[in-house]
Amino acid sequence: MKLSSETEKKLDAWVKVDTWHTNHVLDMDRWYDFVNQYQRDHGYSIDESAL
C-alpha cells in the first residue's frame, strides 16, 4: 500500500513514540491524527493486511 507523505508522517508520529501502544491521551490523539489523514486520502475502508 502506498501512503501519501502526509499520512506517512502521521503514522510515524504515532508509532515512533515509545508509548504508542498505551492508552495515553497523546498516543490516542496521534492515532486519530493518522486515521483522519488516512481517511482523507483513502476513504473509510482500511485494508488492514496491506497496511
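The radius of gyration here is taken over C-alpha atoms, and the globule rule is 2.2 Å times the number of residues to the power 0.38. With 51 residues, a compact globule would come out near 10 Å, and the chain has 11 Å, which agrees. Keep in mind that this is a predicted model, where local features need pLDDT of at least 70, side-chain atom pairs count only at pLDDT 80 or more, and totals for chains, interfaces and linings use all residues. Residues are numbered from 1 along each chain as its sequence is written, and side-chain values use heavy atoms, with hydrogens and water left out.

The chain has two helices and zero strands; these are DSSP runs (helices H or I, at least four residues; strands E, at least two) numbered from the N terminus. Of the 51 residues, 16% count as buried, meaning under 20% relative accessible area, with exposed over 50% and partly exposed in between (1.4 Å probe, protein chains only).

Now for the charges. The whole structure holds four salt bridges, each a side-chain nitrogen of Lys or Arg within 4 Å of a carboxyl oxygen of Asp or Glu.

| Pair | Closest N and O atoms |
|---|---|
| Glu-6 and Lys-9 | 3.3 Å |
| Asp-12 and Lys-16 | 4.0 Å |
| Asp-27 and Arg-30 | 2.6 Å |

Glu-6 and Lys-9 sit three residues apart in helix α1 (residues 5–15), about one turn of the helix. Glu-6 is partly exposed at 30%, while Lys-9 is exposed at 52%. Asp-27 and Arg-30 are both in helix α2 (residues 25–42). Asp-27 is buried at 0%, and Arg-30 is partly exposed at 21%. Shared partners also join Glu-6, Lys-9 and Lys-10 into one salt-bridge network.
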